[in-house]
Amino acid sequence: MNGIAVGCIYGLIALGFVLIYKATEMVNFAQGDLMMLGAFVAYTLISGLGLPYWLGLAGAVIIMAVFGYLLDAVLLRPVIGQPQFAIVMLTIGLGFILRAAAGFIWGHDPLSFETPFTGKVVNAGGVVIATENLAIIFGTVLLCAILYAFFRFTRLGVAMQASSQNQLAAYYMGIPVKRIFSMIWALSAGVAAVAGILLAPKFLIDPNMGFLGIKAFAAAVLGGFGSIPGALLGGLVIGVIEQIAGVYGPPGSHETAAYLALLLVLVLKPGGIFAQIGRKKV
Amino acid sequence: MSLLSVENLAIHFGGIKAVDQVSFAVEAGEVFTIIGPNGAGKTTIFNLISRIYDPTEGRLIFDGVDFTTMPAHRIAGLGIARTFQNIELFEHATVLQNLLVGRQPHARVNLLSEILFLPSVRRAEIAHREKVEEIIDLLDLQAYREQMIANLPYGVRKVVEMARALCTEPKLLLLDEPSSGLNVEETQDMSYWIEDIKRRLGVTVLMVEHDMGLVSSVSDRVLALNYGRVLAQGSPEEVQRNPDVIKAYLGGEE
């Protein structure tokens, strides 16, 4: 259960990677740090300002979405067209800045805030499940359903899909591609905030929790980098493997299992489990 | 007044004058073709009109509106649609989905009314579907309606791209080499489609084309370019007889 719950978080962060990558072909290495920032913003709203949990959650998601939008519009748009390397460096640097800023504002001591799920258990037919795990799993499923409906049925969602499939064509269908890209960043940052808030009762919030993003990156690659269901499933696989290795494997394998899985997949099936990048036809 | 006026259009890439002081006017209801050897600046003119490039000099006026500095995504709303030489479709979507995206410039809904699926949204959706079906019928795409673009042969994709452009209900359709990559039979079909678009939909067509057979069968007027400058302009026959044009194509004695 623990593995699945943590896997869901990896999946959500991986989803953020994939959303941005599919649309803009940028790999956002600061995705994990956006999650960290989301958790801190929620902490301020809930523990600092005393807002109720759900209001704090909604507030944090909205604030992070606006932050994501501005990040793209102000910081990243000017580097579009530069070599991939420049963009990678920029997002890695951004991660450093976010971590430093969070440490500066909230300090380096781990924090936590009260949620309706903290420390409770549910007894489901003899199996004891922590409510926080259930909340994560349920939250992930709900968020995925909302995202699916959004992409499938709304004009904005379709415009996002169109822009990520073919920018040039999207322009001449009257889609303001640049603004759509910023909105995808907003969406991605919002999803990251949800991940951070769901994770908060399990882990403590500290500026370095964003390093979780690296495992989520492994999940995204595992899933085929570019496939949304693949990212979620990749997250689950990594989460479960990690738990199993932690219980049955030698000491230390809990931390390395994710990367080992990543290496294996890259060697055996380089395209990922749900490869979307077809071989070029000759 | 002309539908599209291009006045003293110029663009320089470094020291190269890719398009140099080009002026022409496209009248409503005609098929106007730009021809010229490779590198003459034909596609560059298209990219200038569709606002991918910013001109160094000159003005672009469509239907009385100066759109020289308008962003590319607003061109469709103005009534200009285009196709691309190398086909730019949404590959992982069906033909129908591609065409429906073409209705985007006419969508007047917001997120909230969409979530509630109000009667107005429903009515608009039905109207969009009807328009799309009309274009599907016109261009004989019924058999491919639910197929993925990635699985379609090149010739069909070419028609789908044109259909998608028509779904935006343009006044002016820009076709960038409609016959490139097509076989003789498909090129023949293409000339019928262009005739149909002009006659039945009343859409003005501005195209860039290499196939002189297609050019002379559908064009009302032709403009010949070389090295970014206008060589000749007139009916297809006049332009083809023009000694400068012949020299540019065949390389006459100096």
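## About the model

This is a predicted model, in which local features need pLDDT of at least 70 and side-chain atom pairs count only at pLDDT 80 or more, while totals for chains, interfaces and linings use all residues. Residues are numbered from 1 along each chain as its sequence is written, chains are lettered from A and ligands numbered from 1 in the order in which they are written, and side-chain values use heavy atoms, with hydrogens and water left out.

## A helix in chain A

Let us start with helix α5 of chain A, which covers residues 131-153. Helices (H or I, at least four residues) and strands (E, at least two) are DSSP runs numbered from the N terminus. The 23 residues of this helix reach 32 Å from the first C-alpha to the last, close to the 33 Å expected at 1.5 Å a residue; the expected span is 1.5 Å times one less than the number of residues.

Several residues of α5(A) are buried, among them A:I136, A:I137, A:L143, A:L147, A:F150 and A:F151. Here, buried means under 20% relative accessible area, exposed over 50%, and partly exposed in between (1.4 Å probe, protein chains only). The buried residues of α5(A) pack against helices and strands of chain A, including α1 (2-24), β1 (121-124), β2 (127-130) and α10 (228-248).

## Where chains A and B meet

In chain A, 18 residues are in contact (heavy atoms within 4.5 Å) with 25 residues of chain B. The area buried between the two chains is about 2,000 Å², and carbon and sulfur atoms give 62% of it. Buried area is the accessible area (1.4 Å probe) that two parts lose on being put together, summed over both. On the side of chain A, the residues that lose the most area to chain B are A:R155, A:Y172 and A:M173, together 43% of what that side buries.

Between chain A and chain B the count is 0 salt bridges, a salt bridge being a side-chain nitrogen of Lys or Arg within 4 Å of a carboxyl oxygen of Asp or Glu. Across this interface there are 6 residue pairs in polar contact, with both residues at pLDDT 80 or more. A polar contact is a pair of N or O atoms within 3.5 Å; within protein, one must be able to donate a hydrogen and the other to accept it, and residues adjacent in sequence count only if both atoms are side-chain atoms.

## Salt bridges within the chains

Over all chains, the structure holds 17 salt bridges. One of them pairs A:E242 with A:K215, whose closest N and O atoms are 3.0 Å apart. A:E242 lies in helix α10 and A:K215 in helix α9 (residues 212-222) of chain A, so the pair ties together parts that are 27 residues apart in sequence. A:E242 is buried at 2% relative accessible area, and A:K215 is buried too, at 9%.

In chain B, the side chains of B:R229 and B:D20 meet in a salt bridge (3.0 Å, N to O). This pair links distant parts of the chain, with B:R229 in strand β10 (residues 229-234) and B:D20 in strand β2 (residues 16-26), 209 residues apart. B:R229 is partly exposed at 47% relative accessibility, whereas B:D20 is buried at 10%.
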